[in-house]
Amino acid sequence: ADAALKMLSDKEERLRGEALELLIDHKVEACVPKLEEILAKGKDTSLIGTCVRGVSQFLKGGPRWTEWEGKLMGYGASPVPELRRSALQVLAENKDASRFDFFGGLLNHDDWSTRAIAAGWMERAKTKKAVTVLIERLGKEQEGTRVFGDIDDALGRMTGMTRWETA
């Protein structure tokens, strides 16, 4: 574990990535401060997603989880696509109803992948309000795009209806 922790500072990106995966897979919780440091620096974009998932895995259900969720919410507004997507993916795992407005707002994001994550959360929320919001969003998406298909499929699964018509 000590060697893998040292490798997180290696000059070669591939070795840093492998060391990171190894530490997470073997549940070496001592790596959390280093992962948080990598995220704070924000320079190692190739490792950002793995760092977010790793820290989340270690902290979930523990005393620091609430604090970490707050950071994830902030990362969810990041202009750095890798950081935003990975944070939103972790947050979207929980269908906490208090996040409805947060994910609802993300349905209007410029980035299609952010909208797709938000649409997935809406589907997992399984509420009438989520159906309404997704129908509204479907009318704004360009037919034939990935997000249009995701929302159309989600609405089908949520309602049992197919062939959504948009105004």
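The protein chain exposes about 9400 Å², of which carbon and sulfur atoms supply 52%, the accessible areas coming from the Shrake-Rupley method with a 1.4 Å probe, with only the protein chains shown counted as cover for residues. The structure is a predicted model, in which local features need pLDDT of at least 70 and side-chain atom pairs count only at pLDDT 80 or more, whereas totals for chains, interfaces and linings use all residues. Residues are numbered from 1 along each chain as its sequence is written, and side-chain values use heavy atoms, with hydrogens and water left out.

The secondary structure of the protein chain comes to ten helices and zero strands, where helices (H or I, at least four residues) and strands (E, at least two) are DSSP runs numbered from the N terminus. The C-alpha atoms fill a box of roughly 60 × 30 × 25 Å, taken along the principal axes. Of the 167 residues in the protein chain, 46% are buried, that is, under 20% relative accessible area, with exposed set at over 50% and partly exposed in between (1.4 Å probe, protein chains only). Among contacts (heavy atoms within 4.5 Å) with a separation of 6 or more, residues 24 or more positions apart account for 51%.

Helix α2 has 13 residues, which at 1.5 Å a residue should span 18 Å, and its end C-alpha atoms are 18 Å apart, in agreement with that value; the expected span is 1.5 Å times one less than the number of residues. Within α2, the residues Arg16, Gly17, Ala19, Leu20, Leu23 and Ile24 are buried. Seen down the axis of α2, these buried residues fall within an arc of 165°, so they line one face of the helix, the arc being that of the directions from the helix axis to the C-beta atoms. The cover of the buried residues of α2 includes α1 (2–7), α3 and α4 (45–59).

Just after α2, lysine 27 takes a positive phi of about 55°, and this residue is placed in the loop between α2 (13–25) and α3 (32–41). With a relative accessibility of 60%, lysine 27 counts as exposed. A positive phi, near 50°, is also found at lysine 126, which is placed in the loop between α8 (112–125) and α9 (128–138) and, at 65% relative accessibility, counts as exposed. Most residues other than glycine have a negative phi.
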